[in-house]
Amino acid sequence: MIRFETIRDRVRTYQPDADFDLLRAAYVVAAQAHQGQVRRSGEPYLSHPLEVAGILADLRLDIVSVACGLLHDVVEDTHVTSEDLERRFGRDVSRVIDGLTKLSRVEFSSAEANQAENVRKMIIAMTDDTRVILIKLADRLHNMRTLDFLREEKRQRIATETLDVYAPIAGRLGIGRIEAELQDLALRHLEPQTYRVLEARVKAKKRWAEDFIRDLSRTLKRELHAETIPGELSGRTKSIYSIHRKMHRQQIELDQMYDFIALRLVTDTVPHCYTALGVIHNVWTPIPGRIKDFIAMPRANGYQSLHTSLVTDSGTHFEVQIRTTDMHRVAEEGIAAHWSYKSSGSYGEQDIKRFAWLRQVLEWQKEIKDPHEFLSSLKIDLYPDEVHCFTPRGEVKTLPRGATPIDFAYAVHTEVGHSCIGARVNGAMAPLRSQLRNGDICEILTRKNHLPSEDWLKIARTNRAKSKIRARLNAEAKRESIEIGRKLLEKEARAHGLSLRRVRSAPGLADALRRHGAANLDDFFAAIGYGKVSAARALADSVPAEQLKHTAEKAPPSETGFVGAVRRIIGRDPGQILVSGQNDILVHRARCCSPLPGEAIAGYITKGKGVAVHAAKCRQLADLVRDPERQVSVSWKSVTGARYDAGFVVRVENRKGMLADITKIIAEADTDIRAFEGTADDAERGAIYVTVAVQNAKEVGTISRLLQTVPGVIEVQRGSPVSS
């Protein structure tokens, strides 16, 4: 266990005038608060905050950060409160600790929701004070180093979260050494056999690699000295996780990697970097297409360096990285290298510009309420392979690899994105779904009052573009739903002898708004327009019964007007699905997946068609659900005897008698065929589309297994029911 005095001495080497009384006080509070607590390893719990503080001192962070490393668990795990910390250490310390404290006292619907909310809070806190995430990374790093003492299930969960969220955050902050160690530790627990094999292979090449790096360094030093270029040389082999990822992504072997061995030159000036590149290319043969200039075009996390891949006369490949001293510190320490905290706790303008992506993350995360979507989007945004594209005026826009002109348009300006109708890439018209490449010049064509398309959500790559598209689509959908709901309520009111003005002034309207969760009248109209509340129910809840005029010719509310029309269009549901405990909401099973009793289901309020019920695993549901407010809880009622249409797609050999065999096997399953179609793909293959009546998902599984026993059946899949 690291000692407090060791941490103090490390801080003194780079911040000799620091407030060491603050550091000592933080140590005393942590020691007293954690007294008697023991880690799973058997060590005193205090060893953990000490190790975290040591990692922060290695990053050369300010005294407040190191003190917070000592205190980071006291609010969550001991009797100490945020108020206690503020009284003892001031607002600066308590604010950082609050950003680190998990939401352990709040109940969430799932473990994924819990994780999403913790990460969301951390992002909000780190945009306010970047020290929060640096301390969190140090905390996660030490926990990963001691992960062996936890049970298997928890190790897997923590390692996955580390690889998906925390290692990419370290990468985006430019802290390469923490990113690499987190990745290696995560791989060791997630794929132990893979890790052991790669570790053994790297160790077997270690002696050869050291000798090879020594020979390269000796040669390069001589050449640089002749050109009077100062610099320090060092070498490294690629990390185990990086090797694993590259082997898997490019389907290559270890010996085929150009950058398994890298030589690093740290010199004094940018001109010397470029001069050194020319010297290196005179000594060894450069590999075409493998020269990268991250000095002229830095990565999003601020990383700058020249990279070139080379080959020796003997055919051995290696990489050389060339950078200045300042660039090297950024590459190793990332945002910590730009630390410019003042007594006020603010950080410099240069840091704000360099890490503006934190603010962008904060912007789009506010608009994403679904935990699964939030975490998936975060992973995309944290770990992009970048392309650099230009506006016609030469302004550079950095986008993730795979980005499209739509992403580019929203990177220029939100209104440019909304009004985009086309794009010219390098002077030629290009589809909006085309992928941009490094160096492309992109010109966005716009038209006033144009609206984004829902299909753009499938094309856009960046979270900025997706969040802006969702916001505009949701705003437009709500506007339309408000208008539909207003007209439906007005029509319902007229049927009872009332005007909409009378309904607006009804004494029960305020209670009706609260009952249906509407903040104002527009929200109430929108709920009616979406189909979340029927117009009849809205009127009955707003106006006293004695004021409603009943007419003999009026049909039951649920079957008239809009609802009745929709029922005639989409068909009558047998009433086996319960929507949030309500009975008067229009419900239908989505044809894309046709869910059956026994399957997990999810409800989505469609525009004007009530609640569409999808199978929880339906792919289309993930595309549809943009607005969490339109998701509703649905469940199957316990009703016997009801039958549902279930569709199958049967891929078969195109042989004589196949249709007869299929119909015979279904008849033996004691079920009815509702619809049947057959097509021949070619002379040898065909497809049969059949819809049968079943009671639940279990019967579907039985029929699927029976169909697979028919000679010549290649594959059986669930599909949309065939129209009869």
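In this predicted model, the charged end of Arg12 sits over the ring of Phe20, 4.6 Å from the ring centre. A second contact of this kind involves Arg88, whose charged end sits over the ring of Phe89 at 5.1 Å from its centre.

The structure holds five aromatic pairs. One of them joins Trp208 and Phe212, and another joins Phe212 and Phe318. Here are their values:

| Aromatic pair | Centre to centre | Angle between planes | Arrangement |
|---|---|---|---|
| Trp208 and Phe212 | 5.3 Å | 10° | stacked |
| Phe212 and Phe318 | 5.9 Å | 80° | edge-to-face |

Trp208 and Phe212 share helix α12, where they are four residues apart, about one turn of the helix. The pair of Phe212 and Phe318 instead links distant parts of the chain: Phe212 belongs to helix α12 and Phe318 to strand β5 (residues 317-324), 106 residues apart. Both Phe212 and Phe318 are buried; for Phe212 the relative accessible area is 12%. Trp208, at 39% relative accessibility, counts as partly exposed. Ring pairs also bring in Trp284, giving a cluster of Trp208, Phe212, Trp284 and Phe318.

β12 runs parallel to β14 (residues 611-615), joined by three bridges, and His588 stands opposite Ala612 of β14.

Strand β13 (residues 601-605) has four of its five residues buried, so it is largely enclosed by the rest of the structure.

Thr228 has a phi near 55°, a positive value in a residue other than glycine. Thr228 lies in the loop between α12 (192-226) and β1 (232-237), and is exposed, with a relative accessible area of 63%. Asn426 likewise has a positive phi, near 55°, and is found in the loop between β8 (420-425) and β9 (428-430). Asn426 counts as partly exposed, at 45% relative accessibility.

How values were computed: Residues are numbered from 1 along each chain as its sequence is written. This is a predicted model: local features need pLDDT of at least 70, side-chain atom pairs count only at pLDDT 80 or more; totals for chains, interfaces and linings use all residues. Side-chain values use heavy atoms; hydrogens and water are left out. Two strands pair if DSSP finds at least two bridges between them. Helices (H or I, at least four residues) and strands (E, at least two) are DSSP runs, numbered from the N terminus. Buried means under 20% relative accessible area, exposed over 50%, partly exposed in between (1.4 Å probe, protein chains only). Rings of Phe, Tyr and Trp (its six-membered ring) pair if their centres lie within 6.5 Å; planes under 30 degrees apart count as stacked, over 60 as edge-to-face and the rest as tilted. A charge sits over a ring if NZ of Lys or CZ of Arg is within 6 Å of the ring centre and within 35 degrees of the ring normal.
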